[in-house]
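Student: I would like to learn how to read a model like this one. Please show it and take me through its features.

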Amino acid sequence: VQLVESGGGLVQPGGSLRLSCAASGFAFGGYALIWYRQAPEKEREVVARITRDGNTNYADSVKGRFTISRDDNRSTVYLQMNNLKPEDTALYYCNRFPEGLRWGQGTQVSVSS
């Protein structure tokens, strides 16, 4: 049972990235999925959520720039990030709700010119 994040990288301000989180070992369609991030010396925070039915909500700081989606056939949740800003720099994680799993290694997003 695990979640594996990928897709991070170094981009310039205004750039885009698409993160993926691949699940295995559980019934993916039965859970909400959440993207989190943690910047250096800051608490982990929720970035975006998607319910089993596909309803979404976002942190105010990313509204209008990030889009969360899910593909239940591929057991994968995505985070499309556009117009990236330096303050988006963080380690990004995904997890399920309820019954969150042990945190994975995350994927690093760095936004810098």
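Student: Which residues have the most contacts inside the largest nonpolar core?

Tutor: In soluble globular proteins, nonpolar side chains tend to be buried together. A nonpolar core here is a set of buried Ala, Val, Leu, Ile, Met, Phe, Trp, Tyr and Cys residues joined through side-chain atoms within 4.5 Å; buried means under 20% relative accessible area, exposed over 50%, and partly exposed in between, with a 1.4 Å probe and protein chains only. In this predicted model, the largest such core has 29 residues, and those with the most contacts inside it are Trp35, Val47, Phe66, Val77, Leu79, Met81 and Tyr92. Two or more residues each come from β3 (17-24), β4 (32-38), β5 (45-50), β7 (66-71), β8 (76-81), β9 (90-97) and β10 (107-111). The most comes from β3, with four residues.

Student: What basis do these values have?

Tutor: Numbering runs from 1 along each chain as its sequence is written, and side-chain values use heavy atoms, with hydrogens and water left out. As this is a predicted model, local features need pLDDT of at least 70 and side-chain atom pairs count only at pLDDT 80 or more, while totals for chains, interfaces and linings use all residues.

Student: How many helices and strands does the chain have?

Tutor: Helices (H or I, at least four residues) and strands (E, at least two) are DSSP runs, numbered from the N terminus. The chain has zero helices and 10 strands. Its radius of gyration is 13 Å, close to the 13 Å given by the globule rule for 113 residues, so the chain is as compact as a globular protein of that length. That radius is taken over C-alpha atoms, and the rule is 2.2 Å times the number of residues to the power 0.38.

Student: Is Ala32 buried or exposed?

Tutor: Ala32, in strand β4, counts as buried because its relative accessibility is 16%. Contact means heavy atoms within 4.5 Å. Leaving aside neighbours within four places in sequence, Ala32 is in contact with Ile50, Thr51, Arg52, Arg70, Asn95, Arg96 and Phe97.

Student: Which residues does a cis peptide bond join?

Tutor: Omega is the angle to read: the bond joining Phe97 and Pro98 is cis, with omega about -5°. Pro98 lies in the loop between β9 and β10.

Student: Where is Glu99, and what is its phi?

Tutor: Glu99 is also placed in the loop between β9 and β10. Its phi is near 60°, a positive value in a residue other than glycine. Glu99 is exposed, at 52% relative accessible area.
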